[in-house]
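Me: Could you take a close look at one strand residue for me and then work outwards to the rest of the model? I'd like the cut-offs spelled out as you go.

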There are 2 protein chains.
Amino acid sequence: MSEKFYKEITPAGFGIAIKKKEVLFEGQSDFQKVEVFESDSELGRVLTLDDLMMTTEGDEWHYHEMIAHIPMMNHKCPKTVLVIGGGDGGTVREVLKHDTVEKVVLCEIDGMVIDACKKYLPTIACELDNPKCEILVEDAIEYIKDKKNMFDIVLIDSTDPMGPGEGLFTEEFYTNVKESLKEGGIVAAQSESPVVNKKEIKKMYDLLKKVFPIVSTYTSNIPTYPGGYWAWAYCSETVKPLSYIDEERCEKITKTCKIYNKDYHLARFALPNYLKELTE
Amino acid sequence: MSEKFYKEITPAGFGIAIKKKEVLFEGQSDFQKVEVFESDSELGRVLTLDDLMMTTEGDEWHYHEMIAHIPMMNHKCPKTVLVIGGGDGGTVREVLKHDTVEKVVLCEIDGMVIDACKKYLPTIACELDNPKCEILVEDAIEYIKDKKNMFDIVLIDSTDPMGPGEGLFTEEFYTNVKESLKEGGIVAAQSESPVVNKKEIKKMYDLLKKVFPIVSTYTSNIPTYPGGYWAWAYCSETVKPLSYIDEERCEKITKTCKIYNKDYHLARFALPNYLKELTE
């Protein structure tokens, strides 16, 4: 029998291939096809949505540590956090490492993603039952409209700007997110692959700059995302990136992380020339 | 007709897939299978050796800018440079951007690689006919044995530690490289993927630390290499990394680069926790 592969080939004509062992879950929700498969690789189990790579047991920490700790550590005392998307629970898990946090709201449109991850990806979803975590199976576009002055940190852990996540990449949505922030609040939003999504990145940062006075870009390696390289937008009304790092929290959380440490944090906003041109 | 893909699946069970259009060159040298194919992707033409990804027209600068400019810019006046391997010419091209350079020796064991790249990858091989470049089709292991006090910079732009490149990952070879350096000399050596070559990295750094008093690690994104993330070893007897950057050369060369700039350079030695554990 020939080997089976999961392949995600981007419009750029190249992408990732993973040896596939067996499908553990497959379902069609109101929004997308949800699948978890067991790979025959060091990546372990893999979550895909509409056949696009979302996360794997073996490399999920690359993404989740970066979306959470860069903005969280730059805030003096993050108590209330909103995670938009992120139904796998990895971002919530990292957020809850900060002992300042009193409440994290997860607003995920697709309940099937949450259920599948709780059942099949327990190392990622492990904190979704934490009493500090409130799960809302709702459209974040609607949810955010009347939330004013509520959150210290908002993390936009969305899918791509095509499909169910499309409305999370608009000026109206970003404006509502800004208004949901408390004073000194910070937003981090996944902002696609600098290698294969150059047009999408340019468009997203142009929109963000209309809404937020401070918009900056940070990047890190994600082995299973297109080009192996990912960008996040850091946005705030008043707090510049790298203007603060909570040393005590930083030291404590570094011990729990596979990637995150203070030096790595400080280095994340140094961008290659081609990405500076797209985002600055 | 079904689509054709080039796939490099690492022993970790995952890897890269590229749409393949047509083979432009295929030859069996005394050392390896050499192939250049036209991809149906933004990567353009692709060079493989023994079916392993070496470089592509579309992303070669990620690798070549990093192996060359990090050590070169940390040297006050690099005049003589040795490139070991690197038959595609990309590293030589970057080295020759430094106007301090009087001579670069390319010591590549496989003449077929050089010939194929000159013919099919001219944007990479473009400086191989530069009068400052001396090309030796020789085994670097033998070549380096009697070269004492000759080079300001040695760049080990080799294949993997399996196959023809194996002898370039030994204590004896590194000792000879050290002795080939002039005072204040610096070595950079490609040191595999932190994501999928953890064992090889540990072994290589353990050897390097036996030979060089200063051994440091820097990393950057390489979209077409396993895990999308690559490491290089920076080694010297006396010159610490980041102890010097030639501001004037830096500014001038940054204008010619797609990645390299001063901030990006300064950020390269900040490593994720899991890689610090392997190399420190």
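Reply: Happy to. A:Leu136 sits in strand β8 (residues 133–137) of chain A; helices (H or I, at least four residues) and strands (E, at least two) are DSSP runs, numbered from the N terminus. This is a predicted model, in which local features need pLDDT of at least 70 and side-chain atom pairs count only at pLDDT 80 or more, while totals for chains, interfaces and linings use all residues. Residues are numbered from 1 along each chain as its sequence is written, and chains are lettered from A and ligands numbered from 1 in the order in which they are written.

A:Leu136 counts as partly exposed because 13 other C-beta atoms lie within 10 Å. For reference, a residue is buried with 20 or more other C-beta atoms within 10 Å of its own, exposed with 12 or fewer, and partly exposed in between, with C-beta atoms placed from the backbone. Apart from neighbours within four places in sequence, A:Leu136 is in contact with A:Val105, A:Leu106, A:Cys107 and A:Tyr143, where contact means that the C-beta atoms, placed from the backbone, lie within 7 Å. The C-alpha atoms of A:Leu136 and A:Glu108 are 6.4 Å apart, although 28 residues separate the two along the chain.

Stepping back, chain A has 10 helices and 12 strands. Of its contacts with a separation of 6 or more, 67% are between residues 24 or more positions apart. Buried residues account for 54% of the 280 in chain A. In helix α1 (residues 60–73) of chain A, 14 of the 14 residues are buried.

As for overall dimensions, the C-alpha atoms of chain A fill a box of roughly 60 × 45 × 40 Å along the principal axes.

Finally, the partner chain: the contact takes 35 residues from chain A and 35 residues from chain B. On the chain A side, β1 (5–9), β2 (14–28), α9 (262–267) and α10 (273–279) each supply at least two residues. The largest share, 6 residues, comes from β2(A). β2(A) also runs antiparallel to strand β2 (residues 14–28) of chain B, joined to that strand by 5 bridges; two strands pair if DSSP finds at least two bridges between them.

Conventions:
Two residues are in contact if their C-beta atoms, placed from the backbone, lie within 7 Å.
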